[in-house]
Amino acid sequence: MEKKLGVFVCWCGSNIAGSIDVDLAVAEAAKLDGVVHAENYMYMCSDPGQQLVKDTISEKGLDGVVVACCSPRMHENTFRKAAGAVGLNSYLLEIANIREQCSWVHQNNKPLATAKAVSIIEGTLDKVKENLPLETITIDLTKRVCVVGGGIAGIMSALDLANADYDVAIIEREPAIGGHMAQISQTFPYFHNILELLQKKIDEVKAHPRIKLYLNSEVEVLDGYVGNFNVTIKTRPAFVDPAKCTACGKCLEVCPVSVADEFNRGLSQRGAIFRYNQTEGARIPVLEQRDCLHFVDVEDVEMDAGAGEKCTACVDVCPENAIDLGTIRTFNEEFVGAIVMATGYDLYSPAKMPEYGAGKLPDVIDALAFERLLDPTGPTKGQVLRPSDGQVPKKVVFIQCVGSRDPERHKAYCSRACCMYTAKQARLYRQQVEDGTAFISYMDIRSDSRDFEEFVQQGMEEENLVYIRGRVAKVIQEDGFLRVFTTDTLSSRQLEIEADLVVLAMAMEPKAGIRDLAKKMNVTIDGDAFLSETHIKLYPVESSTKGVYLAGCGQSPKDITDTVSQALATAGKIQTMFSNETLIADPLIAEVKNDVCSGCGICIDICPYGARLMNDFTRITDVNQAVCQGCGACIAACPNKACELINSTSRQFIRMIGDFAGKAEAV
Amino acid sequence: MKYPYFPGCTLYTKAKKLDDAGRECSLKLGFELEELKDWTCCGATFPLVNDQHITMSGPTRILADTKDQGNDKLVTLCSVCFNVLKRTNHVMLNDEERRAKITDFIERDYHGEVEVLHYLQLLRDEIGFDVLKEKVVKPLEGLKVACYYGCLLLRPVKEIGLDSMEDPTIFEDFIRALGGEPIEFPYKVECCGAFQAVYSMDTATRCSRDILRSAKNCGADVVITTCPLCQFNLDDRQPEIQKSDPGFSSIPVVYFTQLLALALGLSAEDLGFERNLIDPLPLLQEKGIIA
Amino acid sequence: MKTVISRSQVKGDFVSKVAEISGENFFNCYQCGNCSAGCPSVDEMDLLPSQVVRYLQLGLEDEVKNCKSMWVCAACMMCHARCPKGVDISKIMEALRVLRLREVGAEGHIDVTDFSDDYLARAPQIAMISGYRKFLPL
Amino acid sequence: MGELIELTGLKDGDPVSCVAVFGDHADFDSAPVDRRVMVIGAGITGITSAIDLGNAGYQVMLLDRLPSVGGRMLQLSETFPTLDCAQCTLTPRTVESGQHPNVLLKTSCEVEELKGEPGDYTVSLRQKITYVDWNKCTGCGTCIQKCPSKGIALFERDAGRMTAIYTLSPQAVPNKPVIDPDRCRYLTLGKCGVCANACPVDAIDYKQQESFFEVQVGAIIVATGFDIYDWKNKMPEYGGGKVPDVIDGLTFERYLSASGPTAGEIVRPSDGKLVKEIVFIQCVGSRNPEFHKAYCSRVCCMYTAKHARLYKHKVHDGQVYIFYIDIRSTGKGYEQFIQQSVSEEEIIYIRGRAAKLHRDGDKIMVQGADTLTGKKIEIAADMVVLAAAMVPNDGAQELADILGIKCNNDGFFVEDNYKLSPIETGQQGIYLAGCCQGIKDIADSAAQGSAAASKAQVFLSLVRRQNQEAV
């Protein structure tokens with residue numbers, strides 16, 4: 001039976017109506033086969049616009065609708081929902097994209113653009129004619145969450161979810177949670193003690209019955225799909241049994257190894273067994289296998305006398321027998337419905353800046369190292385001292401945008417937090433060293449949140465921070481101090497500053513290894529390897545894979561406040577998802593014609609989602625309905641034409657192409 | 001092994017010592033620099049504006065000659081010639097429009113086929129510094145050398161590509177191969193003032209002063225260079241520097257081929273040190289490199 | 001003195017010509033000043049290298065035309081090497097020089113008779129040829 | 001629990017009717033109080049919170065004091081850094097908020113009083129007079145077409161005209177008109193009644209009165225947004241609103257908008273002439289602790305760059321000048337957006353605050369300085385757009401007092417802890433989101449809207465568990 005079709009043409013203000021004659025388009029559409037109704041409206045997506053569509057469907061008894069408007073990515077859902085609300089099967093409504101694919105690209109030829117729009121409408125009508133009414137697919141939902149990354153983003157997301165009574169597993173690569181926040185001394189713009197704030201949250205995480213912590217751990221494999229993920233977690237051995245260890249610290253004293261402490265950014269040394277950081281939770285020592293003489297070829301390492309081959313100094317001294325060097329890595333599995341990627345950032349390496357000493361000048365340090373100097377629990381007990389000689393630096397030059405805003409050689413983006421933390425660091429330095437001078441080399445001061453501007457201005461007024469507008473060209477070490485070659489673009493002077501200490505506000509970049517992890521998690525990343533959100537405004541915390549959410553600096557550089565907001569947003573989105581007992585999915589997926597399929601299995605290899613499986617009994621391939629995304633890869637690959645995409649069959653497409661091509665010839 | 005070689009004007013006259021030593025050493029190292037036939041001046045400046053085709057006709061002709069004489073490489077010793085030829089070749093390779101204009105004008109067929117090599121690059125990439133090390137008969141032991149790169153050997157880095165712009169090492173590796181001790185000094189890639197020596201002598205004097213001071217402060221005995229213009233500025237500006245800065249003590253500035261020749265056992269008498277304003281001989285004697 | 005800037009002047013002939021023959025888009029420059037910070041000739045300049053670009057952005061033709069900076073630029077290319085936006089100021093300086101030297105009745109900025117015999121005996125040809133190219137009309 | 005109490009402001013025997021409660025309350029009323037949330041402010045932030053909570057099965061009352069939802073974002077043309085059409089991004093959401101089975105819109109409605117305790121708040125609301133019975137009104141628009149009284153349009157920021165009976169925009173949700181009593185001829189002069197006569201369903205009610213009612217909710221999200229600083233009265237150096245071709249950024253959005261008063265053409269309000277030289281002045285009233293606001297309004301740098309770019313898309317041979325102090329482009333892709341705009345559109349950024357402007361013939365002379373060249377600059381512009389400071393919506397302090405939350409001197413609501421509790425207030429169960437807490441852009445506001453939804457859910461699930469334990 002022939003369907004009764006309706007066509008609704010949207011003006012999209014002047015977006016469409018400016019280059020397409022919408023009245024003519026409606027008149028032409030009305031003449032097409034099967035069309036019983038055609039009209040246009042200024043904003044079809046608006047309330048009255050949608051009402052118009054709904055009313056017409058009811059009144060005219062339409063059983064097929066084409067809305068000619070913007071991309072289906074924008075409003076397909078809107079209109080399908082509207083159609084569904086008045087009893088028309090949603091899948092009998094299609095969008096004809098006459099904006100992105102027509103009006104926007106043909107702005108100077110109205111007759112031609114109109115003709116093209118009509119042909120797009122005609123093709124879409126032909127598709128609708130063969131569309132089947134479909135029902136959505138139901139998917140099971142496991143109401144547990146896995147949070148990748150135990151920095152502040154991961155912590156805040158996990159706490160909200162756990163407090164909402166869901167089980168959460170936090171996977172942290174390091175031996176302790178807290179992330180970079182644990183390295184920072186005080187906050188801007190209110191000089192709060194960070195460690196105090198963070199410690200409270202860490203304690204909450206540790207005490208929470210709903211949260212399971214995987215330290216020293218990474219995601220090994222991710223299987224499954226939204227609602228039904230299976231995360232395989234690899235845990236490196238900790239070697240120290242927290243149940244036995246009393247944190248007496250004897251092992252720390254006997255370890256013969258001395259290497260740069262990463263947590264203190266190389267400003268102090270540590271043994272192979274060490275306390276990871278100064279948070280309460282990290283009092284139990286951890287042993288780094290790659291530094292330990294028990295595991296490495298001893299001849300390569302300079303060591304204290306007495307530490308022989310297969311060193312067991314720590315094991316021997318431990319009064320509680322808490323250290324077992326025979327521990328091996330373990331694998332665990334977590335079944336979860338949703339995942340939060342809170343993978344965080346690293347600082348871009350100063351080694352990549354040869355003009356600033358390539359990381360080789362001891363008194364040129366990065367901003368996190370300076371945080372360690374400011375931290376009362378840090379290597380200098382909070383005293384700002386030069387790494388080279390332990391003297392109090394009287395002149396400190398802070399250089400901003402190091403590696404940032406540099407599309408030519410480094411990173412094109414702005415790292416967002418540096419302006420504020422530099423102002424904070426300079427103020428804290430000046431509060432500590434009264435006769436010191438702090439110079440800040442900047443291009444633009446970006447103090448753009450509530451009380452940030454005031455914070456910077458106060459720094460200039462009260463701590464007399466000397467802001468110099470100009471990018472530093474070079475830093476050299478000469479005659480026992482650092483020479484900083486810069487310019488003040490405001491007084492038009494080339495400047496040379498003799499400094500005792502230079503602090504580089506290095507660009508923030510995604511955590512090392514993010515490319516591999518993103519691949520494992522099947523989430524897309526941008527050119528700078530930041531995790532990509534689906535839509536910056538509408539879906540700012542949703543990744544490209546359903547059920548995987550993004551929070552914090554892994555998505556783009558931001559400060560703690562914005563990170564926390566984002567983390568809480570992921571928790572909100574997941575709670576919303578978990579408020580249902582099952583999930584529903586789009587039925588527009590691949591379908592196998594059992595009588596044509598030869599069971600060759602090409603589709604299994606080609607499927608990017610792992611949705612195609614060989615049925616061992618029938619020897620033909622099945623489609624996992626929950627996993628299939630309807631991408632069509634298997635359809636193109638199938639040598640027997642045994643696959644079809646439901647409601648986008650080859651037959652439908654050939655007719656559509658015929659419509660477009662026919663019109664093109666006529667034009 | 002023969003390499004086609006472009007000496008350039010200055011090396012034929014005022015920097016003859018740079019040239020002579022380079023050629024002599026090549027024989028010691030087992031290769032020969034074969035002088036390009038009928039060469040002309042490279043123009044001494046690469047035109048930095050894109051409508052000045054005429055000044056590129058000279059270097060293009062040199063490169064076309066090289067190709068027509070059956071070569072795919074061309075070696076230079078002078079940084080200036082190296083820079084001009086290398087950048088010209090870059091245009092020939094990458095800028096179809098300018099190439100067409102220039103090759104039409106000089107009526108030659110050339111598409112950037114020749115690879116322009118600096119002598120240092122030849123030693124590093126084709127001969128090998130390890131081989132060089134083995135051929136050294138008089139190691140420059142105890143000689144602290146400031147390796148001064150200047151501008152044209154390195155910049156623009158995307159077109160020249162010889163080494164890192166901020167932190168190059170080829171020169172230091174070369175000196176180490178000769179048994180000398182390269183010192184790190186922060187001014188090794190800064191400009192000496194270049195052709196400002198004919199316009200703003202103050203610029204050349206000040207630039208040279210900063211470089212030499214830095215080299216001395218970092219413990220250098222001698223400064224080496226690949227460029228006759230750098231050598232001229234750094235050497236000849238020293239009396240002037242001393243006038244404004246009485247504390248400044250002079251330091252010899254020599255060509256890298258001169259030290260190479262000494263290390264390979266050539267006699268100091270043949271190396272033209274007498275043209276140097278600041279005489280390097282006392283230093284070389286003191287270090288026991290020459291008798 | 002106040003300066004009036006306008007649409008016609010921003011796109012003025014001279015400025016457009018500088019952009020054309022240097023091949024540089026002045027608007028790529030965000031005035032960070034790195035070029036000025038590392039330039040070896042600043043002591044002799046009246047406008048910093050970054051300011052030369054700035055004046056070109058604003059179309060302030062007279063100031064740029066008559067600046068001393070273009071003549072004391074040694075074309076060392078350090079500015080370009082470190083520019084985070086890839087602007088090649090040595091090309092812009094060259095364009096300014098070239099356009100000045102191409103003007104009808106342009107005078108040279110060096111006079112070879114000013115040089116002493118002693119100087120000429122020692123200065124390498126490169127210096128003299130570069131000098132002719134950079135400072136004398138074609 | 002949960003019944004809706006109507007408290008009319010009427011005296012006995014009063015002949016007039018009160019504002020009828022609009023919308024279907026059945027679902028809201030039948031939900032337990034620990035499943036009900038009130039969202040105050042229906043801009044992008046509030047809508048995001050409301051839809052998130054609605055999707056999570058909560059009954060949400062989405063409140064706005066204006067007659068329709070959408071807030072400031074609906075006034076915008078295209079948004080940075082992707083140049084997506086703001087309407088296209090937002091209208092699906094406004095429509096969804098209007099159609100969502102779990103979201104109850106309450107427009108033209110304000111909070112009067114708060115009682116009760118966290119998890120069980122009783123909020124007194126005032127339904128403002130609309131002069132239209134929304135239960136009867138079909139949104140046909142006949143009244144608007146017929147209304148003879150034209151005046152300045154609120155939604156168009158003085159740039160367009162509208163009738164005395166109006167909807168904020170043609171796409172208003174709910175699509176029901178209200179009457180502006182100050183301009184209605186019937187209400188001011190006692191004569192007219194055109195709309196009442198035209199209305200096919202007899203929905204016009206000139207005698208309507210305010211009504212008051214109470215609702216019980218478990219949690220409250222405050223998302224009351226921002227307004228533009230009153231530069232017209234406070235900044236005489238920029239013409240004090242008396243130079244017609246000097247407009248603020250939000251007004252310029254209407255000029256850029258295809259559905260705006262000029263259908264997207266950039267012409268001068270004074271004479272309709274195409275604008276060839278345009279000056280943008282940033283930090284107008286912001287970063288000025290001495291005379292105006294000390295804080296930075298955060299989004300102006302980006303929207304000004306966007307304005308400049310969109311202007312150049314429309315006027316290819318136009319010239320843009322932007323007076324700025326620092327360019328603040330810190331979000332994802334923002335720096336690249338600015339740099340691309342400058343390089344491709346040859347926008348002239350002038351580092352310096354413009355000191356003054358005045359009208360000179362048909363030009364506006366803008367006096368500023370370029371601190372990079374050290375020159376005093378003067379530009380003869382056709383139009384000047386001021387990136388005026390953004391301030392909290394008026395009434396913020398009063399609302400803070402009602403809700404028992406803190407407000408800073410600038411009128412922004414203050415969170416519990418800036419770093420780790422940016423959403424929470426001192427009051428349990430009351431959360432902050434969007435510009436009312438501090439100026440932020442759409443992406444950050446929307447994220448905070450979702451974050452507030454999370455906080456409300458966490459809190460109410462805790463309340464439910466406690467209640468269960470008590471039972």
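**Entry 1: the domains of chain B.** I note at the start that the model is predicted. I looked up the domain assignment of chain B. It gives domain 1 as 2–119 and domain 2 as 129–286. I then took the centres of the two domains over C-alpha atoms; they are 24 Å apart.

**Entry 2: where the domains of chain B touch.** I checked contacts, with C-beta atoms within 7 Å as the cut-off. Domain 1 of chain B puts 22 residues in contact with 22 residues of domain 2 of chain B. Next I asked which elements give two or more residues to the domain 1 side. I found α2 (16–28) and α4 (79–94) of chain B. The largest share, 8 residues, is from α2(B). I also sorted that side of domain 1 by class: 9 residues are nonpolar, 6 are polar and 7 are charged.

**Entry 3: chain A against chain D.** I moved on to the two chains. Here 63 residues of chain A contact 65 residues of chain D. Which elements give two or more residues to the chain A side? My list for chain A reads α1 (14–17), α3 (47–60), α4 (72–85), α7 (152–163), α8 (194–207), α13 (452–462) and α15 (560–578). With 13 residues, α15(A) supplies the largest share.

**Entry 4: classes on the chain A side.** I get 24 nonpolar, 23 polar and 16 charged residues on the chain A side.

Methods
Residues numbered from 1 in each chain as written. Chains lettered and ligands numbered in written order. Predicted model: local features only at pLDDT ≥ 70, side-chain atom pairs only at ≥ 80, totals over all residues. Domains from an automatic or database assignment. Contact = placed C-beta atoms within 7 Å. Helix = DSSP H or I, 4+ residues; strand = E, 2+ residues; numbered from the N terminus. Nonpolar A, V, L, I, M, F, W, Y, C, P; charged D, E, K, R; others polar.
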